[in-house]
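User: I would like to learn how to read a protein structure, one feature at a time. Could you take me through this one?

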Amino acid sequence: MNQLVKHIAIASALFLVFSCQNDQSETVSESSGNTYQEPHRPQFHFSPKANWMNDPNGMVYFEGEYHLFYQYYPDSTVWGPMHWGHAVSTDLVHWEHLPVALEPDELGWIFSGSAVFDAENTSGLGTEDNPPLVAIYTYHDPVGADAGRDDFQTQGIAFSLDKGRTWKKYEDNPVLANPGIRDFRDPKVSKIQVEGRDKWMMSLAVKDKISFYSSEDLLQWTHESDFNPPWAAYGGVWECPDLFPLTTPDGQEKWVLLVSINPGGPSGGSATQYFIGDFDGQTFSTDQNEIQWLDYGADNYAGVTWSNIPASDERTLFIGWMSNWLYANVVPTEVWRSATTLPRELFLWGKSPEWHLASRPVKELEKLRKSSHEISGDTILLEEELVELVLTPDEETFRIVFNNSEGEQVILEKADGMLILDRTQSGLVDFNVRFPARHQAPLGELTVQRIRIYLDRSSIEVFINEGELVMTDLLFPQHRYTQIELKGFADENRLHYLQSIW
Ligand code: FRU
């Protein structure tokens, strides 16, 4: 988040906290708050019971549980002093809320970061018999920031010896001091093999580059290299990197580097660019020379992957924050603010040497299906609100409209080689001038064979084919969409009504 915007956000957060703290806690505890039935409350996406969230953090799979930590401000529905909220899932679909895992301390607020299972107890923070989960996060010192210093972001660690239920901060924090750079954050650590030996590798967002650091023990870190090719997207600050290997369809190992950027995204504000290349244990290099985006919608930011997924699973699992710094603090929700995207599996597609990153919804989401219907014709009445729609286009162009009798509508169409998602009349849109927009994605060589759409109470996620092109947008209809109008589709389309996870 851009520092200026952040400071304005802090000021308004503090104002709100002081001016309506009592009101707010009453809203949450005494009224119908946090029942997951509020207007716009996502029904099959994760959102906190109450108050503000942003980036997903520290995702790690451990002993049958997917941990999801997240940037959380438990005292308000706008951004403020950051904590790590916490939830776990055994299926990536249903989530159990756990107490806040990390709270601010004298070194600062707890910004984004990652978590790993230190199976060999390299850190010495656990024992051989009970090795630790280790969280690596950014300390943001608000006092240093307000004093105009440059070194107010450092990296700290905490560990858990009880399946992530309680966390203890390392006593010699920070483990990585700041060299005098204002934006120095969001460590994503993973275990990699270099010349047959395990090594911890940290990707860190440093203003407008990614710096790689290595470590034997998660405590001492050595700078290895920087990555910032001249042709990349630099419309805003670089944040939340992630580095991981994937196998190409023809069996080669490639490395993918995700870099979130704010602002400067293709649909305005926040978005995530990616790079595909090679990593030799020290340096990331790529032959790519064009910007590539993970998602062309406006609302998939700061996403990263789960660590420690069992080898038998073979998937690379991702989740993002379903919002955008352009308007995240003012979207029209009460009680809570923000949600995650659907969990997605990342994989490579294309032909050597031009690889692209695809994201498809995880197969576990199929268990949300309550009833399934073959649909045909131009107009489909929607009997329920939560929908997965699978469509097969049979014409060069197509158009899908979800609408209601109040004249609210969201349109997805293919025109002039572009996929266009139009939310200008989707419902409540005027809380921010940048919200009502038509978002466009170039289809390039991609032939659209199938479209999978997930419609929740306040979002739409569009996956072309297997996820070769993706668009994620928030929507705030005041009444549910009750009808779908279709143009340009074959007669074999499927509609699934979905159940709520709450
Ligand atoms: C990304 C981000 C991170 C930072 C966190 C603060 O959305 O700005 O760079 O760690 O949010 O909440």
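Analyst: What follows is a walk from the whole chain down to single residues. This is a predicted model, in which local features need pLDDT of at least 70 and side-chain atom pairs count only at pLDDT 80 or more, while totals for chains, interfaces and linings use all residues. Residues are numbered from 1 along each chain as its sequence is written, and side-chain values use heavy atoms, with hydrogens and water left out.

User: How many helices and strands does the protein have, and how is its overall size described?

Analyst: Helices (H or I, at least four residues) and strands (E, at least two) are DSSP runs, numbered from the N terminus. In this protein they come to two helices and 34 strands. The radius of gyration, taken over C-alpha atoms, can be set beside a globule rule of 2.2 Å times the number of residues to the power 0.38. Here the radius is 22 Å, close to the 23 Å that the rule gives for 502 residues, so the protein is as compact as a globular protein of that length. Along the principal axes, the C-alpha atoms fill a box of roughly 65 × 60 × 45 Å.

User: What do the contacts say about residues that are apart in sequence?

Analyst: Contact means heavy atoms within 4.5 Å. Among contacts between residues at least 6 apart in sequence, 62% join residues at least 24 apart.

User: Which residues does Ser112 touch, and is Ser112 buried or exposed?

Analyst: Ser112 is found in strand S5, residues 109-117, and is buried, with a relative accessible area of 4%. Leaving aside neighbours within four places in sequence, Ser112 is in contact with residues including Asp55, Trp84, Tyr137, Asp186 and Cys240. Its C-alpha lies 8.9 Å from that of Lys188, although Ser112 and Lys188 are 76 residues apart in sequence.

User: How should I read a pair of aromatic rings?

Analyst: Such a pair is described by the distance of the centres and the angle of the planes. Rings of Phe, Tyr and Trp (its six-membered ring) pair if their centres lie within 6.5 Å; planes under 30 degrees apart count as stacked, over 60 as edge-to-face and the rest as tilted. A search of the whole structure finds 34 aromatic pairs. In one of them, the rings of Tyr327 and Phe431 have centres 6.3 Å apart and planes at 85°, so the pair is edge-to-face. Tyr327 lies in the loop between strands S19 and S20 and Phe431 in the loop between strands S28 and S29, so the pair ties together parts that are 104 residues apart in sequence.

User: Is Asp208 buried or partly exposed?

Analyst: At 33% relative accessibility, Asp208 counts as partly exposed, and it lies in the loop between strand S10 and strand S11. Leaving aside neighbours within four places in sequence, Asp208 is in contact with Asn228, Tyr234 and Trp238.

Methods: Buried < 20%, exposed > 50% of the residue type's maximum accessible area, 1.4 Å probe, protein only.
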